Amino acid sequence: MRISTSSCLCPFLVCLCFIQRCYGASHHVPAKVPTKNQTKLANGETEVHHRPKRGWIWNQFFVLEEHMGPDAQYVGKLHSNSDKGDGSVRYILDGEGAGTIFIIDEVTGDIHATKSLDREKKTHYVLHAQALDRHTEEALEPKSEFIIKVQDINDNAPKFPDGPFVAMVPEMSEVGTSVLQVTATDADDPTYGNSARIVYSILQGQPYFSVDPKTGIIRTALANMDREAREHYTVVIQAKDMAGQVGGLSGSTTINITLTDINDNPPKFPQKNYQLYVPESAQVGKPVGKIKANDEDLGINADIKYSIINSEGANMFSISTDRDTREGVISLKKPLNYERKKTYTLHIEGVNTHVDPRFSYLGSFKDTATLKITVGDVDEAPVFSIDHYIMDVYENAPSGTEVGTVTARDPDSRNSPVRYFLDSKEEGVRYFRIDESSGVIRTTQPLDREDLSWHNITAMASEVDNPSLLSHVPVTVQVLDMNDNPPEIATDEEVIVCESSRPGQVIQTVTAVDKDDFANGQRFSFALPSQLPVNPNFTLKDNEDSTASIIARRRRFNHLTQELYELPIVVWDGGEPSLSGTSTLTLRVCPCQRHGRIRMCQGEAFLSSAGLSTGALIAILLCIVILLAIVVLFITLRRSKKEPLIISEEDIRENVVTYDDEGGGEEDTEAFDIIALRNPAAAEELKFRRDVRPEARHHCGPPRGRRSPSVELDEVDVHEFIKQRLVEADMDTSVPPYDSLQTYAYEGQGSPTGSISPLDSPGTQSEQDYNYLDDWGPEFQKLAELYGEADSDVTT
């Protein structure tokens, strides 16, 4: 088969060689097909294939995109060796675009494209061709696959997908400093021709910037570009394909370039001389004025530090920088006095804090200015001679004693007279008063150092001519000590004296206390009262170190004989004059136990060993009392609670009646006669109706020695008795006609002593001899006495 096209293609050999037309040729060049399954190799030799002969030879076809002609575009021709030109061969085509985009002449095998194609949307199409016998529809050649490629033309202009751009570059940058790189894209085929070969050029922004035509890198083209002169630039870059040749397509983008600031400008004061008025009443530490130097730079490049460079101004004033406004704030360091100095001259310097060494050739980045300050005269409050007065006075001094003097004067030139007084809001004013003219402070009452040793008051002064101007000064008054308090023993607790104490044994060491201060109250002497007779039990030893020891003078103390002793002790202090005081100690005698060095009474030891304090014991006892009270209250309520008898007018068979009454015991002989249950033999003799109350029988008691009926009736058959009672209950017409439950209990027999219960007797009095209880031992002695007394009462 032979394939021919109308495009510029070189021959391509696969199994069988064929020649296509060159670009622009209008005739077909047949290709010589080797016979007998031969393939011509590259070196000119022929390779023989032992396989069936085939006539299909396929290659890829090409079709130009964007074809705008009136006729269908010719793509190529399919031809089979089996085609003799008589129309017996029919060519068919299927695959991508077959029948819609690509059509084939069934007789000639010519392929045409009926639509305009776009390579940027689809680059190639895969189709299948087959040659059939027109008469038999048999395949003359097997179905084969081939590709139709869309050949590119320059139909897409370059584009900048990320534009427009924003870039920054420092001012004063050198020529050639890189600013930004821009990149354009072209949708055309970069492997075919120059359709996608892009060249960059600058349309706007010269002579300040340039662009590399191949890479698109934008660089500075002018030296010393100053931000303060011009800050923003607009640059337009063009990208053109076809390597920039005539007829190429182009696209452009905009780059907004901003010059960033560097510190290339020193600070400048707008003027060299300034004046400022400050009243002498200005407060120390407060701002009194501002000054500012201008800097054309921005940010930290414009930061300025201000300073006062001459000593006259630096001693009285200080200057700081306001970070927000970049102003120099001038403050007062010391009070001004118009009468002493009326003017001050300040030399102020402003310096950049961030200097760029590249621009040191421009000079020092600082500037100076002169500020003249004029002090204004104002009427001032009186001034005290010192800032704080400390005075002292002895305690117990009489009222009116002079404590000290405060002095104030008018600082103004007219020197007005001053009046003094105390701040009435303070508590100390009730102890002192001040002379209005002289400022002398005196006491109003005797002072007690032990009550309050320091007093703080505030003295005030004002001009007589202008009372509104006040000044204050603190005054501290110390109350000096006088030896006016006798010493006393330091402890009020009882002294424990053990019963086992020996003569000469130290019972306890005591100390003394004195309310007076260190000078008068830290040396003490001790002794027993001289006016009292010698104490036979205890003596006192002065240790000469402000302590004394109580010593036992005898042995064998006994707390049962005498538990408490009193020992008076006289104490002297070392003051001038010396004072003494007598304290009486209580000594308690008790048995002691030794636990290391600690002695404690046995009663106290019990509490200590238990680990409980007195408060804890009281709390425990209180809880116990509360619990007992709750229990007693609960029992009382239970006993007093009575359930009412439930009586219903309905059928009593449908109710359960509960009786919660306590019975009368054995003395209740009328409540229920249970002789029939306990003594069947006696019950035979005393038959009666259950709904009739039995008559009382009185017996004086059987002769002594008579056996209990329970013993005499040992042979009674209880089973027969119960059956008999059951028959009587069924036949008795006096009882309710419905079923009822009757319970019989039987006390066992066979005890050699018989029963001691009176229930075994049909009578109401006992016929038993209870003398044998005396032989049962002391446990039954009380019971024998009770029954003996009962027999005596019956006999009587």
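Where does glycine 244 lie? In this predicted model, glycine 244 is found in the loop between β15 (232-240) and β16 (250-260).

## Glycine 244

With a relative accessibility of 34%, glycine 244 counts as partly exposed, because that class runs between the 20% limit for buried and the 50% limit for exposed. Asparagine 194 is 50 residues away from glycine 244 in sequence. In space, the two residues are 9.4 Å apart, taken from C-alpha to C-alpha.

## The chain as a whole

The protein chain contains 9 helices and 42 strands. Of its 796 residues, 34% are buried. The chain exposes about 49200 Å², and carbon and sulfur atoms supply 52% of that area.

Contacts in the chain can also be sorted by separation in sequence. Among those between residues at least 6 apart, 66% join residues at least 24 apart.

## The second largest pocket

The volume of the second largest pocket is about 600 Å³. Its lining is made up of 23 residues, and Pro335, Leu336, Asn337, Glu380 and Val383 are the ones nearest the pocket centre. By type, the lining residues divide into 12 nonpolar, 5 polar and 6 charged.

## Glutamate 463

Glutamate 463 belongs to strand β31, which covers residues 454-463. Its relative accessibility is 1%, so glutamate 463 counts as buried.

Leaving out residues up to four places away in sequence, glutamate 463 touches the acidic residues Asp379, Glu380, Asp410 and Asp412, among others. The list of residues it touches also includes Arg414, Ser416 and Leu469, as well as the prolines Pro382 and Pro417. Glu380 in this list is also one of the residues nearest the centre of the second largest pocket.

## Serine 88

Is serine 88 buried or exposed? Serine 88 has a relative accessibility of 16% and therefore counts as buried, the limit being under 20%. Serine 88 sits in the loop between β4 (73-77) and β5 (89-95).

The side chain of serine 88 makes a polar contact of 2.8 Å with the side chain of aspartate 86. Beyond its neighbours within four places in sequence, serine 88 is in contact with Leu132, Asp133, Arg134 and His135.

## Backbone geometry in loops

Most peptide bonds are trans, and most residues other than glycine have a negative phi. The following residues depart from one or the other pattern.

The peptide bond from glycine 163 to proline 164 is cis, with omega near -10 degrees. Proline 164 is in the loop between β9 (144-151) and β10 (165-170). A cis bond also leads from glutamine 206 to proline 207, where omega is near 5 degrees. The loop that holds proline 207 runs between β12 (199-204) and β13 (209-211).

Glutamate 544, although not a glycine, has a positive phi of about 60 degrees. Glutamate 544 lies in the loop between β37 (538-542) and β38 (547-552). Serine 546, also placed in the loop between β37 and β38, has a positive phi near 70 degrees. Glutamate 544 is exposed, with a relative accessible area of 66%, whereas serine 546 counts as buried at 13% relative accessibility.

Notes. Residues numbered from 1 in each chain as written. Predicted model: local features only at pLDDT ≥ 70, side-chain atom pairs only at ≥ 80, totals over all residues. Heavy atoms only, no water. 1 Å grid on protein atoms, 1.4 Å probe; cavity = no way out; pocket = protein on both sides within 12 Å on 5 of 7 lines; lining within 4 Å. Points joined across faces, edges and corners; volume = space filled by probe spheres on them. Nonpolar A, V, L, I, M, F, W, Y, C, P; charged D, E, K, R; others polar. Helix = DSSP H or I, 4+ residues; strand = E, 2+ residues; numbered from the N terminus. Buried < 20%, exposed > 50% of the residue type's maximum accessible area, 1.4 Å probe, protein only. Polar contact = N/O pair within 3.5 Å; in protein donor to acceptor, adjacent residues only side chain to side chain. Contact = heavy atoms within 4.5 Å. Areas by Shrake-Rupley, 256 points an atom, 1.4 Å probe, with all protein chains shown as cover.
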